[in-house]
Amino acid sequence: MHTTGEYGARPRTGAEAASDGDHATLAATETFVAHRNLLFTVAYEMLGSAADADDVLQETWLRWVGVDAAHVDDQRAYLVRITTRQALNRLRSVKRRREAYVGSWLPEPLLTTPDVAADVELAESVSMGLMVVLETLTPTERAVFVLREAFGLGYAEIAAAVDKSPAAVHQIAHRARRHVEARRPRRAVTAREAQAAVEAFRRALETRDLQGLLDVLAPEVVAISDGGGIKQAMPRPVIGADKVARFVVGGLTKHDVALTVEPTAINGSPALALHIDGEFDGILAVRVEDTRIAGLYFVRNPHKLTHIDAETPLTLH
């Protein structure tokens, strides 16, 4: 009789692993690579950090190569299950770390390809605005919401990943969905509308045009900045078009810096890369509602910008 491991498949014995050798490792690698973008997206949506997601994928890989894949009926589902459990473990630990974070905490921005923006559901699932909302869920609620809403997994499959009953998962999914729906954008905008709003904001920002900023900002716009205690940032969110516009223009005027703003694509949406006196300073992600900017998320923490400098745009899954 075969015994099963933590994730439901039989581990290979030492003799089997030795006899399989390179062939088994190659097959495991091919399967893992085929699903890597999916697994990364699952981990990133759960953690809000590309660096943590990369660590989770490494842990997933180490467990996957120790499994006898011949006894796994659905390798994709199995890999998602490993990734989810590893991400949950990490999420519970980073939750405590984030409670001691200096200033506002924002997700790590991801440079994404146009393909991500074209996939409306995927773009929404990784949008900075939604990622901020997901931070308000418990770890299990977040895992269930991501697996159900972003990836369409069934309740039984999610139950196996989060170690809950399908009935419990159904209740958790309902609670998480209700929580998110109360806080997510009211109306999705087209890519053209979002691009137009971001371009208008860029022009106003570069020219320090107060009225131009007021014209493009929604009345209840929320601006959040994340310096991680390393770079200067707003100690708390700034709310309201007039306050945000005056804060932005006043800050640029006070410090008398040379500002260069370049369009980019972050988390499936138009965004801006800011350079101060010729040096890359941060990423400004934008949430657009009803053709006006309702959310500004400025990430200056250099630890969260390493993927922007080091990697090509991500296609995700």
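Of the 317 residues in the protein chain, 48% are buried. The model is predicted. The chain contains 14 helices and six strands. Its exposed surface comes to about 15,200 Å². Carbon and sulfur atoms supply 53% of that area. Among contacts between residues at least 6 apart in sequence, 67% join residues at least 24 apart.

Three aromatic pairs are present in the structure. One of them is formed by phenylalanine 40 and tyrosine 44. Their ring centres are separated by 6.2 Å, and their planes by 5°. The pair is classed as stacked because planes under 30 degrees apart meet that criterion, and the angle here is 5°. Both residues belong to helix α2, which spans residues 36-47. Phenylalanine 40 and tyrosine 44 are four residues apart, about one turn of the helix.

Both partners of this pair fall below the burial cut-off, which is under 20% relative accessible area. Phenylalanine 40 has a relative accessibility of 5%, so it counts as buried. Tyrosine 44 has a relative accessible area of 0% and is therefore buried. The stacked rings of phenylalanine 40 and tyrosine 44 thus involve a buried phenylalanine and a buried tyrosine.

A further ring is faced by a charged side chain. Arginine 148 lies over the face of tyrosine 155. The distance from arginine 148 to the ring centre is 4.2 Å, within the 6 Å limit for a charge over a ring.

Conventions. Residues are numbered from 1 along each chain as its sequence is written. This is a predicted model: local features need pLDDT of at least 70, side-chain atom pairs count only at pLDDT 80 or more; totals for chains, interfaces and linings use all residues. Side-chain values use heavy atoms; hydrogens and water are left out. Helices (H or I, at least four residues) and strands (E, at least two) are DSSP runs, numbered from the N terminus. Buried means under 20% relative accessible area, exposed over 50%, partly exposed in between (1.4 Å probe, protein chains only). Contact means heavy atoms within 4.5 Å. Accessible areas come from the Shrake-Rupley method with a 1.4 Å probe; for residues, only the protein chains shown count as cover. Rings of Phe, Tyr and Trp (its six-membered ring) pair if their centres lie within 6.5 Å; planes under 30 degrees apart count as stacked, over 60 as edge-to-face and the rest as tilted. A charge sits over a ring if NZ of Lys or CZ of Arg is within 6 Å of the ring centre and within 35 degrees of the ring normal.
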